[in-house]
Amino acid sequence: MQLAVAQAPVELGDVDANLATSRKLLEQAQSACNGGLDLLVLPELFLTGYLLRDDYARVAEAVHQAGGRIFPQIWHVGLSGRPPGPGVDADVRLRGPSGLWADGTKDDGGPLTVTEIEDLVEAYGTSAALARERGFDGIEIHAAHGYCIDQFFWAHTNRRVEAYGGGLT
């Protein structure tokens with residue numbers, strides 16, 4: 001059995017605002033795999049926003065040239081309070097299941113509609129397809145730490161009563 005070394009999604013350091021086109025990002029990704037890393041997970045690619053950029057194919061190609069594999073971590077922050085950054089799909093607003101922040105305060109945008117939830121589900125699928133097109137080897141869906149998917153699991157952020165309602169606790 002061959003041992004595989006994977007890196008949990010962590011920032012690769014201080015990269016410039018162009019992200020995928022950053023020489024530093026390319027060099028760090030390739031260097032990690034040259035150093036024996038078998039799987040690199042790029043963190044926090046906000047649904048289709050970053051993955052719409054064709055230049056992410058260069059990052060995947062650099063990792064492959066170094067003998068590694070690469071996944072993007074796909075997420076939606078929901079109402080976590082973390083604002084979107086560069087490359088974020090402007091059409092994806094910060095919204096949560098019931099329009100409630102983790103501390104219970106209401107958000108001005110209100111709860112996600114069923115149509116918006118279905119659109120989010122579709123966006124995850126679109127992001128996976130875009131990752132494949134850009135040469136990524138798989139995906140990781142971030143569904144913890146209070147972000148959108150996680151917010152559906154908790155009674156204090158999900159007070160819905162239809163099919164998407166209720167928490168696990």
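This report walks through helices, salt bridges and a few single residues of a predicted model.

**Helix α4**

Helix α4 covers residues 114–133. Its 20 residues should span 28 Å at 1.5 Å a residue. The C-alpha atoms at its ends are 29 Å apart, which agrees.

Which residues of α4 are buried? They are Ile117, Leu120, Ala123, Tyr124, Ser127, Leu130 and Ala131. Seen down the axis of α4, these buried residues fall within an arc of 130°, so they line one face of the helix. An α-helix has 3.6 residues a turn, so residues three or four places apart point the same way. The other side of α4 carries exposed residues: Val121, Glu122, Arg132 and Glu133.

Gly135 follows α4. Its phi is positive, near 95°.

**Helix α3**

Helix α3 runs over residues 56–65. Its buried residues are Tyr56, Val59, Ala60, Ala62 and Val63. Down the axis of α3 they fall within an arc of 160°, so they too line one face of their helix. Just after α3 comes Gly67, with a positive phi of about 85°.

**Salt bridges**

How many salt bridges does the model hold? The count comes to three.

| Arginine | Glutamate | N to O distance |
|---|---|---|
| Arg95 | Glu116 | 2.8 Å |
| Arg134 | Glu133 | 3.2 Å |
| Arg160 | Glu162 | 2.6 Å |

Start with Arg95 and Glu116. Arg95 lies in the loop between β3 (69–75) and α4, while Glu116 belongs to helix α4, so the pair ties together parts that are 21 residues apart in sequence. Arg95 is buried, with a relative accessible area of 5%. Glu116 is partly exposed, at 22%. The cut-off for buried is under 20%.

Next come Glu133 and Arg134, whose side chains meet in a salt bridge. Is Glu133 buried or exposed? Glu133 is exposed, because its relative accessible area is 61% and exposed means over 50%. Arg134, at 9% relative accessibility, counts as buried.

The last pair is Arg160 and Glu162. Arg160 is buried, with a relative accessible area of 13%. Glu162 is partly exposed, at 33%.

**Asn158**

Asn158 sits in the segment after α5, a helix of residues 148–151. At 3% relative accessibility, Asn158 counts as buried. Which backbone oxygens does its side chain meet? A polar atom of the Asn158 side chain lies 2.9 Å from the backbone oxygen of Phe152. The backbone oxygen of Tyr164 also lies 2.9 Å from a polar atom of that side chain.

**His145**

His145 is found in the loop between β4 (140–141) and α5. What is the phi of His145? It is near 60°, a positive value in a residue other than glycine. Most residues other than glycine have a negative phi. His145 counts as exposed, at 66% relative accessibility.

Key
Residues numbered from 1 in each chain as written. Predicted model: local features only at pLDDT ≥ 70, side-chain atom pairs only at ≥ 80, totals over all residues. Heavy atoms only, no water. Buried < 20%, exposed > 50% of the residue type's maximum accessible area, 1.4 Å probe, protein only. Helix = DSSP H or I, 4+ residues; strand = E, 2+ residues; numbered from the N terminus. Arc of directions from axis to C-beta. Polar contact = N/O pair within 3.5 Å; in protein donor to acceptor, adjacent residues only side chain to side chain. Salt bridge = Lys/Arg side-chain N within 4 Å of Asp/Glu carboxyl O. Expected span 1.5 Å × (residues − 1).
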